[in-house]
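Open the model in your viewer and keep the sequence panel beside it. The stops below say what to select and what is there.

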Amino acid sequence: MLPPASYIDDSRALASAVERLAQQPRIAIDTESNSLHAYRGTTCLIQLSTPGEDLLIDPLAIADISPLGAILADPAIEKVFHAAEYDLICLKRDFDFDVRTIFDTMAAARVCGYQRIGLGNMLEDLLGVRHSKKHQKFDWAQRPLPENARRYAQVDTHYLLPLRDVLREQLRLHGRLEEASEYIADMTRFELKSQKFDPEGFWALARPNSLNRQSAAVLRELYILRDELARSLDHPPPRLIANKTLLELVKLQPRSAKRLYDIRGLPAWLVRQSGDEIIEAVKHGLSSRLPLKRPEHEPIPPPIVERYSALQSWRRETAEARGVESDVIISRAALWQIARRNPASVADLRDICGLGPWRRQTYGPALVALLNGSG
């Protein structure tokens, strides 16, 4: 049984914790948010572990947690995450924290060729530690936090440093440290997207489902209504009405609130509360002027598509030979850049995002030969 983590919920305790963290060569970190329970999720807990202690920092209780930012930005302190991208997004979005010097145990496991890369699986397989994930859907905005939730959050970081050591040693033994460093850089690179609602986002559902313009008009009205309802109820839109339920509404085009009770996935309480609004949205979509599609991307020239196809086949074969997933070799985005550039030499591969020095040296000659040979 682990000793209880220190719960940090005031500025004085945070300042003291930051002083201790500043002395560490590396720290484990994770975050918990309420994104499954609120219209706009926010970071509700930040877990940190060192070899000597576990900390649970409560950003909902502390007015200013900016002192933690200096630790996260310090390049001399390695920050160890498991599946870092979403944590990094939350830390940047909610606190404007920049995190430098990252080791991602999930990314490292993928470079090593592991198939079971969830944290629970990794802890059990490599450290013999059982970690239940039953709190994955917990509402982390709940206060006070129950003891079992605190314990769950503590375990998420308590074993990350030993896990990091095991994986790093495996990478070293197999000569994969440089590869892992580049892959981790790829996996932790992100662009913070606007949280503003885009009413034209419905096309992401309409196009894959081949909706005609009339059905797409109905979907657009329902998509906008869902966001309005979700905002007023402080619910995540897809959890209030799932995408497949929106598409079912478009398919059936109900004309009365009574028919809504027969639609699977549409909560009865929501029908009672907002059924008339849903019916009005359907009717408005059927009678409104059809929306224009967003401008389509210009078609990709066939030679570029052919080069991308050849590169994709090469990537798949290389990944199979290495015993890893294809994106560990090179990302799709990087393949498209290579296909568009059509390099004549390895030097021409410089400045392609996702193709660092190790990949250029390791795969560059084969990539150039492949493209030169395919014309």
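**First stop: R143**

Select R143: setting aside neighbours within four places in sequence, R143 is in contact with Y7, C44, D58 and L60, where contact means heavy atoms within 4.5 Å. The model is a predicted one, in which local features need pLDDT of at least 70 and side-chain atom pairs count only at pLDDT 80 or more, while totals for chains, interfaces and linings use all residues. Residues are numbered from 1 along each chain as its sequence is written, and side-chain values use heavy atoms, with hydrogens and water left out.

R143 sits in the loop between helix 5 and helix 6. Helices (H or I, at least four residues) and strands (E, at least two) are DSSP runs, numbered from the N terminus. With a relative accessible area of 31%, R143 is partly exposed; buried means under 20%, exposed over 50%, and partly exposed in between, with a 1.4 Å probe and protein chains only.

Show the side chains next. That of R143 makes a polar contact with the side chain of D58 at 2.9 Å and another with the side chain of Y7 at 3.5 Å. A polar contact is a pair of N or O atoms within 3.5 Å; within protein, one must be able to donate a hydrogen and the other to accept it, and residues adjacent in sequence count only if both atoms are side-chain atoms.

**Second stop: H135**

Stay in the loop between helix 5 (119-127) and helix 6 (147-158), where H135 is also placed. Is H135 buried or exposed? H135 is buried, with a relative accessible area of 8%. Not counting residues up to four places away in sequence, H135 touches W140, N148, A149 and Y152.

Zoom out. The whole structure has 19 salt bridges, each a side-chain nitrogen of Lys or Arg within 4 Å of a carboxyl oxygen of Asp or Glu.

Select E78 and R164, which form one of them, with the closest N and O atoms 2.8 Å apart. E78 belongs to strand 5 (residues 78-81) and R164 to helix 7 (residues 160-173), so this pair ties together parts that are 86 residues apart in sequence. E78 and R164 are both buried.

Then select R359 and E182, whose salt bridge has its closest N and O atoms 3.9 Å apart. R359 is in helix 18 (residues 357-374) and E182 in helix 8 (residues 177-187), so the pair ties together parts that are 177 residues apart in sequence. R359 and E182 are buried as well.

A further pair is R189 and D186, meeting at 3.1 Å, N to O. Here R189 is partly exposed, at 44% relative accessible area, while D186 is buried, at 17%.

Go to helix 10 (residues 213-233), which holds E221. E221 is buried yet has no salt bridge, and the nearest side chain of opposite charge, R220, is 4.3 Å away. For charge, Lys and Arg count as positive and Asp and Glu as negative; His and the chain ends are not counted. The side chain of E221 does have a polar contact of 3.3 Å with that of H284.

How many cavities of 30 Å³ or more does a search of the whole structure find? The search finds one. On a 1 Å grid over the protein atoms alone, a cavity is a set of points where a 1.4 Å probe fits but cannot get out, and a pocket is an open set with protein on both sides within 12 Å along at least five of seven lines; lining residues have an atom within 4 Å of a point.

Select L222, L225, R226, L229, I241, L246, L249 and I278 to see the lining of the largest cavity. Helix 10 gives the largest share of that lining, four residues.

For the largest pocket, select Y39, R40, S194, Q195 and P237, which lie nearest its centre among the 22 lining residues. Helix 3 (84-95), helix 10 and helix 11 (237-240) each give two or more residues to this lining.

Note on methods:
Grid points are joined across faces, edges and corners, and a volume is the space filled by probe spheres set on the points.
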